[in-house]
Each structure stands twice: as structure tokens, then as C-alpha cells.
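Student: Please take a close look at one part of this protein for me: the region between the domains. Then show me what surrounds that region.

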Amino acid sequence: MSEQLRDRGRELAAALAADGVVGLTIAWADNNGIPRSRTVPVSALPQVAVAGVGVTHLFAVFDTNDAIAYGSPGMQNASGDVRLVPQLDRITRLAGQPALAWAPGKQVTADGGPWAFDQRSVLERVVEALAADGTTALVGYEMEFGVFEQATDPEDTELLAAHSGPAYSPHALLPIDGFIASVMRDAEANGLRLGQVHAEYGPAQVELSLAATDPLTAADQQLLARQTILAAAEAHGLRVSFAPLPTLNGAGNGWHVHTSLWRGGENLLAGGPEGPRGTAGAGYVAGLLRDLPALAALTAPSLGSLARQRPGFFAGAFSGFWGVENREAPLRYVPGSALLGEDHANVELKVSDASANPYLALAALLTAGAAGIEENLVPPAPTAEDPGTWKKKQRAAAGVERLPGTQAEQEEALVGNPRIAGVLGDDLLAAFLAVRRADAAWAAEKDTEEVLAAWRWRY
Ligand SMILES: NC(=O)CC[C@H](N)C(=O)O
């Protein structure tokens with residue numbers, strides 16, 4: 001096995017070198033959704049293909065500020081090492097950084113065994129369990145981000161939006177035309193299939209959507225897309241913020257995630273304006289709804305996420321309801337249609353952003369939905385309205401509540417839900433929570449704007 005891998009590494013090294021590529025960036029996402037990486041010379045690939053590259057185990061407890069939250073099991077001290085192994089079948093030459101190739105990495109123990117803290121393995125396990133049941137999933141991300149001018153004076157902290165609207169207007173994108181063209185060209189060259197790109201609601205905001213694909217590819221591509229967009233921004237003298245809320249008065253960046261489940265070539269979510277037609281599709285929606293507060297602790301887990309979850313912003317601020325094409329619902333059912341075909345049907349989770357680890361978020365989401373199918377859950381009737389406009393009493397009667405609004409409430413929701421907490425396993429869960437607590441302790445004396453500013457460029 002390792003001889004075969006070494007040979008494969010040799011072949012890849014030769015092919016990359018012939019194309020003028022000098023380094024391979026091996027990337028993963030930490031528990032804050034922050035991409036981390038090691039870049040190795042392509043000449044090292046025969047060795048790295050087999051044994052990976054050494055990284056500290058403590059990345060599992062890096063907080064959003066890069067401080068280390070010591071203390072949880074396996075994370076007591078600085079002694080330890082894991083191997084970061086590139087996924088060779090996913091090596092991509094980076095169009096915007098021609099000297100580099102990119103691959104997602106997996107962390108394994110020093111002897112190559114599974115490492116409890118590796119987030120990609122968590123999603124692999126969930127995907128395998130679904131496959132054993134004859135089920136596959138399709139996942140498509142919408143990525144919103146802010147595009148800003150680079151400050152000429154490093155002391156200048158004022159944000160200068162690179163476009164000023166109007167929302168959804170082609171005119172808005174004119175000042176960043178070259179950047180948008182580079183993003184589209186490089187994304188396609190990097191193997192990302194784009195749905196669409198447009199000027200979003202607020203000044204500076206752009207949305208790019210990725211075509212639906214299998215869950216592991218979707219999570220990998222979410223990281224690759226960031227690398228692609230940031231490289232294009234750099235080349236055009238711009239700055240991009242993927243943060244859930246770059247600034248208190250600005251637009252929130254949702255990374256809405258569309259999912260559908262398939263069996264025997266059939267989309268279980270298929271349905272029309274009433275919602276999913278079959279019991280499995282209904283069970284999927286009901287499963288997501290049941291676990292939403294715990295799910296949100298993984299899909300929108302940061303202080304920035306909590307600041308973004310405001311009613312009236314299409315960000316899914318409430319739990320306890322869903323809707324068909326209802327943009328205020330945390331779960332928006334998107335039906336198939338004559339025009340798009342039945343297979344287009346999916347469910348969009350709006351409570352999702354770049355501070356989520358995409359592997360953990362998708363693992364939890366698919367687990368919640370699959371449990372709903374398994375248990376034949378039945379969702380309540382869909383809501384077309386925005387409960388944010390209702391009286392408190394009306395919300396209470398309908399079982400609609402604000403989603404957990406603090407890190408402590410999120411932790412309570414997650415720990416109180418063994419189905420979702422169990423997806424991570426005890427050790428990874430403890431590390432994940434240690435990071436959330438470290439963030440909260442750091443932010444305790446700060447106002448929200450200060451926290452948002454500190455994390456604006458970190459994702
Ligand atoms: N058009 C939209 O869907 C806006 C979404 C919103 N920006 C969010 O934070 O999720």
C-alpha cells in the first residue's frame with residue numbers, strides 16, 4: 001500500500017513540476033471554520049503521500065484568535081504530533097496561484113490510524129453510514145462575502161466597500177468587474193462549478209453559489225472556493241471578508257446550504273408547493289427542524305454567527321418552523337418545478353456561515369435529517385409568514401422561538417442533544433466546546449463591534 005502511494009506521489013510530483021508547480025498546499029478547516037494549511041515542495045510528494053506532514057495536535061483547540069485552549073482530553077499540553085495527509089485524488093492546480101497546487105488534508109495519528117479530532121473523517125463516517133443504507137446526498141453552498149478596498153494606510157480601519165449597490169444590480173459589480181471575471185475564470189479552472197454570481201443586498205456584498213455535489217466534495221470545495229476568491233481579490237488589490245458579520249451595520253454573510261437525499265436515483269425531497277411529497281422527504285425536514293438548536297451550534301457557531309442571526313435579515317433567526325420558499329425561515333423548502341425538474345427539490349438551511357467547520361456542519365445536518373426519515377417524523381404545516389412580525393404570544397403558541405443567542409445557550413443545546421453531539425464523539429466535542437468557551441471569555445469585556453472587527457479577515 002505505501003509503495004503504491006509513494007509511486008503515485010512520484011507521478012504527481014513529476015506532472016506538477018512539469019507544469020511549473022513548486023508547492024502543494026494541504027488545507028483543512030479547524031473548529032472555528034478557519035482554513036489552516038501546510039505547503040510542501042512538490043519534490044516531497046512521494047514521502048508526503050505516504051506519511052503526510054507533521055502538525056501539532058493542538059490545532060483542535062486553536063480558538064478564533066489563534067490562542068490555544070488547553071485542558072480538554074488529549075489537549076492538556078504541547079506534546080504531541082499528528083500527520084496531515086493530502087487527499088491525492090483531490091489535488092488541484094490553483095489557477096490564481098500558478099506556482100501552487102491545493103489539496104484537502106486529513107489528520108491521522110503518527111502510525112496512520114484514525115485521529116478522533118479529524119473533522120473530515122467525521123463527515124466521511126456519516127457519508128459511509130448513509131451509503132450503507134443506500135442513501136446519497138447532494139449539497140450546494142451559497143457563499144456571501146464582502147468586497148472591500150485595501151486600506152492604503154495600515155492604521156486606517158475604516159471599511160471602504162468596493163461596490164455600493166444597488167442590490168442585485170449589474171451596475172453594482174462594474175467597479176469590481178475584473179475581480180468578478182477572475183473569480184469566475186479561476187473557479188471553473190479549479191474545478192468549481194458555479195451556479196451564479198451577483199451583487200447581494202448590502203454595499204460590498206457579493207454572492208457566489210456552487211453547484212450541488214456530494215457532501216465531502218462540497219466541504220472541500222467550500223475551502224477551495226475561499227482560496228480562489230481570496231487569490232483573485234489579492235490580484236485585484238481588494239480585500240474579501242467571509243466573516244458572518246464583517247461589521248455591525250453591514251450585511252451579514254450567510255453560507256446557506258442546500259441539501260437533498262437520494263435513494264435508487266430518486267430525490268426523497270421531491271415535492272411541490274405543499275412541501276415534500278413522500279414520507280421520507282417530510283421526515284428529513286422534520287428531523288432538521290427537531291435538531292435545529294443543536295445543529296446551529298455547529299453550523300453557525302461563532303460570536304459573529306450569533307450577531308448575524310437577526311430577525312428580518314433572511315438569516316433564519318427563529319427555530320420551530322419551516323416554509324416553502326420562505327426566506328425568513330431557518331429551513332426553506334425549495335420545490336421542484338416543471339421548469340427546473342422535480343429533481344431540483346432541496347432544503348436550504350439558512351443558519352450557516354463561514355465560521356462553521358463545513359465537515360462537522362454537514363455531518364450533523366445529514367445525521368439530523370436521516371434520523372427524521374428513520375423515525376418517520378412528520379413536520380408541522382409550513383409557514384409562509386415571518387414570525388418576527390408576530391406578537392410574542394403568537395410565536396409561543398406556534399412553538400417558534402429565537403435560536404440560542406449566546407455561546408452558553410448554544411453549548412446547552414448541543415450537549416443536551418446526544419444525537420448531534422454524538423456525531424463529533426466525546427473528545428472532539430470537548431475540544432470544540434473548549435474553543436467556543438475561550439472565544440467567549442476573550443470577548444466578555446468587549447463590545448460586539450470590536451469582536452467583529454478582530455475577526456473580519458480570519459475566515
Ligand atoms: N438574500 C439572502 O438570502 C440574504 C441572506 C443574508 N445575507 C444572510 O445573512 O443569511
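**Between the domains**

Tutor: The centres of domain 1 and domain 2, taken over C-alpha atoms, are 26 Å apart. Their contact draws on 27 residues from domain 1 and 31 residues from domain 2. Keep in mind that this is a predicted model. In the domain assignment, domain 1 covers 2–118 and domain 2 covers 125–454.

Now to the space at this contact. The second largest pocket holds about 440 Å³. Its lining has 22 residues, and Arg226, Leu230, Phe242, Trp457 and Tyr459 are the closest to its centre. Why does this pocket lie between domain 1 and domain 2? Both domains give residues to its lining, so the pocket sits between them.

H5 has the largest share, with seven residues.

Helix H3 (residues 119–132) packs against H5, with the axes 9 Å apart and at an angle of about 155°. Angles over 145 degrees count as roughly antiparallel, so that is how H3 runs relative to H5. On the H3 side, the contact is made by Arg120, Leu123, Glu124 and Val127. On the H5 side, they meet Pro215, Leu216, Ala219 and Asp220. Sorted by class, this helix contact has five nonpolar and three charged residues, and no polar ones.

Strands supply the elements that give two or more residues here: S7 (135–149), S8 (194–199), S9 (205–210), S11 (257–263), S17 (331–334) and S18 (346–349). S7 gives the most, with five residues. The class count for this lining is 14 nonpolar, 18 polar and 12 charged.

In the loop between S7 and helix H4 (177–189) you will find Pro166. The peptide bond from Gly165 to Pro166 is cis, and its omega is near -5°.

Which loop holds Asp66? Asp66 sits between strand S3 (53–55) and strand S4 (82–86). Asp66 is not a glycine, yet its phi is positive, at about 75°.

To sum up the region you asked about: the second largest pocket lies between domain 1 and domain 2. H5 gives seven residues to that pocket's lining. H5 also packs with H3 at about 155°.

How values were computed
Residues numbered from 1 in each chain as written. Predicted model: local features only at pLDDT ≥ 70, side-chain atom pairs only at ≥ 80, totals over all residues. Heavy atoms only, no water. Helix = DSSP H or I, 4+ residues; strand = E, 2+ residues; numbered from the N terminus. Nonpolar A, V, L, I, M, F, W, Y, C, P; charged D, E, K, R; others polar. 1 Å grid on protein atoms, 1.4 Å probe; cavity = no way out; pocket = protein on both sides within 12 Å on 5 of 7 lines; lining within 4 Å. Points joined across faces, edges and corners; volume = space filled by probe spheres on them. Domains from an automatic or database assignment. Axes fitted to C-alpha atoms, helices over the stretch in contact; angles between N-to-C directions. Parallel < 35°, antiparallel > 145°, perpendicular 65-115°, else oblique. Contact = heavy atoms within 4.5 Å.
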